[in-house]
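Please look over the sequence and the structure below, and then read the briefing that follows, which is grouped by topic.

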Amino acid sequence: MARGELADAVADIYGDLRLEAVLRSLLRHTGAAAGSVSLIDAGAGLYTKAAEYGAFCRLGDTFPLDEGATGRAYARRRPVVIPEYGQLRSGHLVSADRVRRGSAAAVPIWWRGEVIAVCVVFAPSFTTRDVDDLETLTQAAAAAIVRTARFGRPSPAPPVTARFAELPPVKPPPLTAREAGVLELMRQGLTYREIASRLGLSPKTVEKHVGAVIRKTGTRNRTAAVVTALESGWVGDSPHTASG
């Protein structure tokens with residue numbers, strides 16, 4: 001997904017802060033034939049199908065957290081690709097649904113160190129780039145999912161989502177000028193080596209700067225760090241960006 005396309009998708013996702021609208025917008029922008037988003041209630045060990053697109057995924061039903069593609073992604077805390085969804089023993093699509101014959105990718109959506117939702121999309125196959133793009137897009141919806149509860153919109157958000165929504169916004173320390181430059185290139189999707197070449201640094205030095213950005217944003221990976229920085233206004237000329 002190109003930089004401009006991601007920006008347009010994020011703007012659209014935040015355009016209507018009602019839970020169903022947020023999730024359906026997210027699914028539409030995945031470009032997949034079908035998909036669903038489930039909200040996680042880790043305390044109860046359950047998840048609820050909150051939105052679906054292009055397939056009947058038992059919308060509104062609640063399932064044990066160890067079931068289905070959602071359960072796999074939640075357990076592994078990372079994206080999971082299932083080569084043939086129809087072979088998944090605890091899948092929830094009806095047997096006649098054509099998308100069962102293809103692949104499924106399940107991607108966790110994080111908020112402040114917790115998986116609050118899982119997006120599952122269906123396609124004939126997935127490349128590594130497809131999964132990376134999907135992770136970038138779905139994580140961009142995390143704050144929108146939380147805000148549906150924060151601003152009082154009608155929402156069946158589970159307790160874990162509501163609990164995190166009530167916490168005040170995190171204000172990490174400001175970035176140095178070098179870290180801000182690395183962050184901008186991270187946003188453009190450049191690899192460590194590409195960033196190093198662009199800035200005239202060693203890949204090892206770039207890795208240290210990326211680690212600092214991740215730490216200061218209070219996240220666990222590059223994708224989440226970029227999304228948090230976008231939401232905080234840290235990318236580009238920002239009052240939060242320090243020199244040094």
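In this predicted model, strand S1 (residues 34-41) and strand S2 (residues 46-53) run antiparallel and are joined by seven bridges; strands here are DSSP runs of type E with at least two residues, helices are runs of type H or I with at least four, and both are numbered from the N terminus. Two strands count as paired if DSSP finds at least two bridges between them. Residues are numbered from 1 along each chain as its sequence is written, and side-chain values use heavy atoms, with hydrogens and water left out. Because this is a predicted model, local features need pLDDT of at least 70 and side-chain atom pairs count only at pLDDT 80 or more, whereas totals for chains, interfaces and linings use all residues.

- S1 and S2 form a hairpin with four residues between them, and Gly-45 in the turn has a positive phi of about 70°.
- Across this pairing, Ser-38 stands opposite Lys-49 in S2, while the bridge partner of Ser-36 in S2 is Glu-52.
- S1 also pairs with S6 in the antiparallel sense, over six bridges, and here Leu-39 stands opposite Ala-117 in S6.
- Eight of the eight residues of S1 are buried, so the strand is largely enclosed by the rest of the structure; buried means under 20% relative accessible area, exposed means over 50%, and partly exposed lies in between (1.4 Å probe, protein chains only).
- In a regular strand the side chains alternate between the two faces of the sheet.
- In S1, Ala-34, Ser-36, Ser-38 and Ile-40 point one way, and Gly-35, Val-37, Leu-39 and Asp-41 point the other way.

**The sheet**

- The open sheet has six strands in the order S3-S2-S1-S6-S5-S4, with antiparallel pairing.
- Its edge strands, each pairing on one side only, are strand S3 (62-64) and strand S4 (80-82).

**The nonpolar cores**

- The largest nonpolar core has 29 residues, and those touching the most other members are Leu-23, Val-37, Ile-109, Ile-116, Ala-117, Val-121 and Ile-145; such a core is a set of buried Ala, Val, Leu, Ile, Met, Phe, Trp, Tyr and Cys residues joined through side-chain atoms within 4.5 Å.
- The elements that give two or more residues to this core are helix H2 (19-29), S1, S2, S5, S6, H4 and helix H5 (142-150).
- Apart from this core lies another, of 21 residues, among them Cys-57, Ala-73, Ile-82 and Ala-106.

**Salt bridges**

- A search of the whole structure finds three salt bridges, each defined as a side-chain nitrogen of Lys or Arg within 4 Å of a carboxyl oxygen of Asp or Glu.
- Asp-133 and Arg-129 meet in a salt bridge (3.1 Å, N to O), and because they are four residues apart in helix H4 (residues 128-140), they are separated by about one helical turn.
- Arg-129 counts as exposed, at 53% relative accessibility.
- Lys-216 and Glu-179 meet in a salt bridge (2.9 Å, N to O), and this pair links distant parts of the chain, with Lys-216 in helix H9 (residues 203-217) and Glu-179 in helix H7 (residues 177-187), 37 residues apart.
- Both Lys-216 and Glu-179 are buried.
- Glu-184 and Arg-187 meet in a salt bridge (3.2 Å, N to O), and both lie in helix H7, three residues apart, about one turn of the helix.
- Glu-184 counts as buried at 17% relative accessibility, whereas Arg-187 is partly exposed, with a relative accessible area of 25%.
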